[in-house]
Amino acid sequence: MSQYYTTIDHFTIVPAVMLALFGCAILLFDFWVFPDPRQRKWLLIFVVLAELFTGFGLYRQSAYLASQGVPELAGFQGSVTVDGFGIFFNWIFVVAALIVALVSYKYLEVAGEHHGEYYSLILFAQCGMYFLASGTDLVTLFIGLELMALCFYVMVGFLRADKRSNEAAMKYLLLGAFSSGFLVYGFSLMYGMAGSTRLADVTAAIEQRQAWDPVVFLALTTTAVGLLFKISAAPFHMWAPDAYEGAPTTVTAYLSVASKAASIAFLLRIFLGPFASARVMWEPILSAVAILTLTLGNLAAINQTNIKRLLAYSSISHAGYMLLGLIAGNETGIKGIAVYVMVYTFMNLGAFLVVVAMRRAQIIGEDLDDFNGLVHRHPGYAFLMLIFLLSLAGIPPTAGFLGKYYIFLSLIQTQHYTLAVVATLYVAVAIYYYFKIVRSMFVREETETAPLSSSFGLRLALGVTGVLTLAIGIYPEPFLRLAQTSVLR
Amino acid sequence: MDQHLLSIVLLTPLAGLAVLLFIPGESKNLIRWWANLTAFAGFLISLPLVSRFQVGAPGFQFEERADWIPSLGAHYHIGIDGISLLLLMLTTLMGFIAILCSWNGIQDRVKEYYAMFLLLQTGMIGVFVSLDFFLFYIFWELVLVPMYFIIGVWGGPRKLYAAIKFFLYTLAGSVLMLLGILTLYFQHYNQFHFYTFEIAELMKTDLPLGLQQWVFWAFFVGFAIKVPMFPFHTWLPDAHVEAPTAGSVILAAVLLKMGTYGFLRFSLPLLPKASMDRTIVQALAILSLVGIIYGALVCLMQQDWKKLVAYSSVSHLGFCTLGIFSMNPNGIAGSVIQQVNHGISTGMLFMVIGVIYERRHTREIAEYGGLAHVMPKFATIFAFAMLSSAGLPLLNGFIGEFTILQGAFEASRTWAAFAVSGVILGAAYLLWLYQRTMLGQVTNGKNLTIPDMSLREIATFVPLIAWAIWIGVYPKPYFDILRQPVAEIVQRVRPGYYGGTTQLAREGPAAKPALSGGAR
């Protein structure tokens, strides 16, 4: 191969190439081979294959790093970097995409919108996420972000006949485009300072400048606006409840987990890369944002009666906890974010999967009252939901506790005692609204008795998320070792 | 077998729970039998702990230790000393009795009920045997969920409010405690450069007084809410009144002791300087005294039988914390004995209420009167429970209160003077309760036809009455069991206390390496 596309270059993007190829394959096969809508669930095989190949690519990347004994491998003149951090996050995307695809076919059939494009959108979005986690160049990162976001704009509006879905997509698109504008503005300033789009050069350029340099400050704030929008941190969270509520529940699950994880990875790349030396500037800003996010997310969740909105606000508050890990910024904090993202993936996906199961032909199944007396009809689902909610709240011995544990510990290590106290007290607030769902499920009498929709994929996905949520809580050692590999530098 | 005895005791309820899940929900009697058998087996299995416990041996016994989460330095490390032995036996016995006394009271969702109870049982045992702070915290939190369901699903009219209040209160306390734990954990790392949650290791950390005070207050919030001490007690009456009988019994008898146990096992030995800090000791003693007197006064005002007993818990637990913060052997030993006593007496009082509530479905004191004529057996047992709670000599309550008062007197005569008034008030509200409900003529026609207690109901009281008399008449074994662990705590908090003349002082230094010996 030419010097512009070497084997190393290829090696660094193999997983993304696989995702793109299989995404295209789905589009073609959907058209040619499966014209009958009832056969479309066979497209799932392509998703599974795509994730297998992606996973294999990731496995080879980490094996190569281990065998060479190097921490990272750069391709395309430093635009893409394979390192433990990126690989860790990419595994999370693989798991999230697989689980979401597994549960989607039944949901889309019930909703009457089962189209093959859906699966390719999942893969294309994941391709974007790959570059968010592994990109080390402003342009690469931006393209990754937009690829992911575009796929999500379409997926959020996937229920064409549903007004809420359309409204949500429009709102998400407009606000998302607006925030991308801010982000690009910040990027242009960084490029102006460094004369290069590579993160390493930008880092060096910003280190040259003195503290409170106005250009750095402007670049920092504009970039932060764009990034905070993506992780739905307050005050840029307004899109999240509407988008989460309107989108098909499977997409909500994907959006709340994978998109958030990718954006967090992106955020870490930027704040621990170029802006690492500007810490004095962003620490107070992010602290304020984190407190605001925790407050708004937790307090607004209390009064929600729609489960998806409630979980949307809860996911806003989780973004606040992840930000706290960045504010602490030591090794425990970064590892804590990795652990947090990992456990959040399983528990939040699990909670949304139960909501997916509530969707039946005539019943939307998203209201708090729809959960009334669930334990009588489907004790299995009710107890799984209980585990997910306890985990979201951070009660041991569930996985969620581990995530919060690391965040709190990092705050204490870096002597952010006030933040630690605020963050812990919001755990008690959170349990209040999570237990509103528990109360409906276990204490209230049932109001309607139609059986839940269920499919093999859904049961499998629920089983996996449920078992992992408990397993990570009870015996976390292997998972913590895994997260250890992700620590940047 | 012997070296895993404690694990077996810990896991018996869990194993029973696993089997219980496979029994179909319709066969209610089978579920009841199985749950009762499991709980009884749990109690029987814990008995060898008593016979094989070496009285006076320093440090912990029946220790088991295994790595659990090496990256965090968390271990599966369990073991008991005299203090935990008594509370553990209280737990296994009260757990069995609570399960036994819900035979008729619980009629719907029987399977879930017993499942929750067995889970709760494991959590409580775990709290008392953990020697690793991480493990302790897991069990500590594990208790919340089943208790939430026991109150929230099988409770009274305001059960949802009471259940979530209980949950939020205790959770808020325990997350703040978690911050304290993490601070300690991190400080230990700073000094020794490895992470561990083991208590014996953490005790080696040398913390400056200022930091100790902060950590102490963090622990205090967690433990004081659980006890509950005076300003944090408001969840207790709600939880007690709304909980089903067995829930109240276990809540009063065991759950509250987790708080006092926390003070003894963690606050005092881990933060000796803060525990001897004048301000802190004064503050806690005053809060205890306020709790004793305020709780008793509120009892005098109650119209509701169950609420009265609930507030009496506030008063009695005030004695326990006062004893702890007297910081002398009498106070602390008395406190532990009083914790056991409170478990026995208040447990019995709640069971008494359960018996009458199942028959009349009201707890208004004014609804009753002259019951002794209708239900002589019931009246006798109630008299027993009431007198043991009021501290009649030759019954258990007297021993505990007397020893605590001795300890308090040694620490400060003022404290003792105030505390004594609590004893008097305690006798007053209990006797008055008895008078209003049991004595005189039957004023309410509905009470004329109440059946007296059945044999099964009486059987649930027999072990408790026997235990109450044993402690009241011959408490020496209890003091023997407690002498060594209490001496270790006092030695740790007040190194010069024994002064080198008594026999205990000679044991003191020898005991110290043994205490930390569990670390390796």
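User: At what angle do helix H2 (residues 44-68) of chain A and H4(A) pack, and is H2(A) roughly parallel or roughly antiparallel to H4(A)?

Analyst: This is a predicted model. In it, the axes of H2(A) and H4(A) lie 9 Å apart, and the angle of packing is about 15°. Angles under 35 degrees count as roughly parallel, so H2(A) and H4(A) are roughly parallel.

User: Which residues of H4(A) make that contact with H2(A)?

Analyst: The crossing of these two helices, H2(A) and H4(A), is right-handed. H2(A) brings A:Phe46, A:Val47 and A:Ala50 to the contact. By class, the contact of H2(A) with H4(A) has 6 nonpolar residues, with no polar and no charged ones. From H4(A), the residues are A:Tyr119, A:Ile122 and A:Leu123.

User: How is helix H4 (residues 117-134) of chain A oriented relative to helix H5 (residues 138-156) of chain A, roughly parallel or roughly antiparallel?

Analyst: The axes of H4(A) and H5(A) are 7 Å apart, and the helices pack at an angle of about 155°. Angles over 145 degrees count as roughly antiparallel. H4(A) is therefore, relative to H5(A), roughly antiparallel.

User: How many residues in the contact of H4(A) with H5(A) are nonpolar?

Analyst: H4(A) passes H5(A) in a left-handed crossing. Residues in the contact include A:Leu121 and A:Phe124 of H4(A), and A:Leu141 and A:Ile143 of H5(A). In this contact no residues are charged and 3 are polar, while the number of nonpolar residues is 16.

User: Which helix gives the largest share of the side of chain B that touches chain A?

Analyst: In chain B, 24 residues are in contact with 24 residues of chain A. Helix H5 (133-142), helix H6 (144-154) and helix H7 (159-192) of chain B each give two or more residues to that side. The residues on the chain B side divide into 20 nonpolar, 3 polar and 1 charged. The largest share, 13 residues, comes from H7(B).

User: Which residue in E2(B) is the bridge partner of B:Ala66?

Analyst: Strand E1 (residues 61-69) of chain B runs antiparallel to E2(B), and 6 bridges join the two. Among the bridged pairs is that of B:Ala66, whose partner in E2(B) is B:Tyr76.

User: Which residue in the hairpin of E1(B) and E2(B) takes a positive phi?

Analyst: Strand E2 (residues 74-80) of chain B is mostly covered, with 5 of its 7 residues buried. The hairpin has 4 residues between the strands E1(B) and E2(B). The residue with a positive phi, near 75°, is B:Gly73.

How values were computed
Residues are numbered from 1 along each chain as its sequence is written. Chains are lettered from A and ligands numbered from 1 in the order in which they are written. This is a predicted model: local features need pLDDT of at least 70, side-chain atom pairs count only at pLDDT 80 or more; totals for chains, interfaces and linings use all residues. A residue is buried if 20 or more other C-beta atoms lie within 10 Å of its own, exposed if 12 or fewer, and partly exposed in between; C-beta atoms are placed from the backbone. Two strands pair if DSSP finds at least two bridges between them. Two residues are in contact if their C-beta atoms, placed from the backbone, lie within 7 Å. Ala, Val, Leu, Ile, Met, Phe, Trp, Tyr, Cys and Pro count as nonpolar, Asp, Glu, Lys and Arg as charged, and the others, Gly among them, as polar. Axes are lines fitted to C-alpha atoms, for helices over the stretch in contact, and angles run from 0 to 180 degrees between N-to-C directions. Angles under 35 degrees count as roughly parallel, over 145 as roughly antiparallel, 65 to 115 as roughly perpendicular and the rest as oblique. A crossing is left-handed if the near helix is turned anticlockwise from the far one by less than a right angle, and right-handed if clockwise.
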